[in-house]
Amino acid sequence: MTKKSTKHHLRIFVFLMFLLPLGALAQTTPNVYLCGTGTLKLTPTFTGYTPVANDKIVWTVDGTVQAPVSYATATDAIFNVPATLATGTHTYSVQVVPADINLCPSDASDNTVVEKLPPPAIAVNAPGSVYCTDQTASTVITASKDPALTLPTGVSLVYTWAATKAGVAVTDLTTLGAQSGTNNELFTLKAGVTPDAYVFTAEGKYSVGTAVIVPSTSCTATASKAITVTVKPGKATIAVAP
């Protein structure tokens, strides 16, 4: 091994020991939310420098330095965040160590923060399951987050309602009632709903405000509540006969 090569490897070692951890101290506010089977590609751009063959691309993930990648093509600089990422907050930073020993290694990038959300879980409940036609106006069906589901600050579930009547989809929910609440978590039946067997279903989907979210079809949850509306006999009249 030549003296220059030894010096270059020593430079990389010192760089990894002292500079890489600095990236882990950057922001922890999520840049993007990931859920379900979604994946991400993290593509770095080095200001004022374009990587060349044999440069080392070094990622730091959650404070742990990853094995340097020898650069050959642009795809070598990309970090692929997998669908199997564990639930929670994850940080990613990157730097380049030029192959030319006369060039300086870059500083660590600011952290890109990825928040992997847990699979959503919801419940739908009502005060009871059987109602007379004149009781329906006081019936509020409620969708809510499963108590076992813990969400990060700023993340909530928004609900979309659907219903069936005797097994047939109801195309106009306003004929049955109205949804309300900050996240449409409530559905209140109207008075005088036609007697029949109903199933009310809520679908919960993550909301992260103006932040970026990478969803997938596996990142929703549904729950249902069966309601039976029964006929209430009319008020009796009494006939008097001798």
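Tutor: Two strands are said to pair if DSSP finds at least two bridges between them, and both helices (H or I, at least four residues) and strands (E, at least two) are DSSP runs numbered from the N terminus. This is a predicted model, in which local features need pLDDT of at least 70 and side-chain atom pairs count only at pLDDT 80 or more, while totals for chains, interfaces and linings use all residues. Residues are numbered from 1 along each chain as its sequence is written, and side-chain values use heavy atoms, with hydrogens and water left out.

Student: Which residue in strand 16 stands opposite Val158?

Tutor: Strand 12, residues 156-165, pairs with strand 16, residues 196-207, in the antiparallel sense over 10 bridges. Within strand 16, the residue standing opposite Val158 is Lys205.

Student: Which residue takes a positive phi in the hairpin of strand 12 and strand 13?

Tutor: Strand 12 also pairs with strand 13, residues 168-169, in the antiparallel sense over two bridges, and Thr164 has Ala169 as its bridge partner in strand 13. The hairpin has two residues between the strands, and the positive phi, near 55 degrees, is taken by Ala166.

Student: Why is one side of strand 9 and of strand 14 left without a neighbour in the sheet?

Tutor: Four strands form an open, antiparallel sheet in the order 9-11-15-14. Strand 9 (122-125) and strand 14 (177-180) stand at the edges, so one side of each lacks a neighbour in the sheet, because each has a single partner strand.
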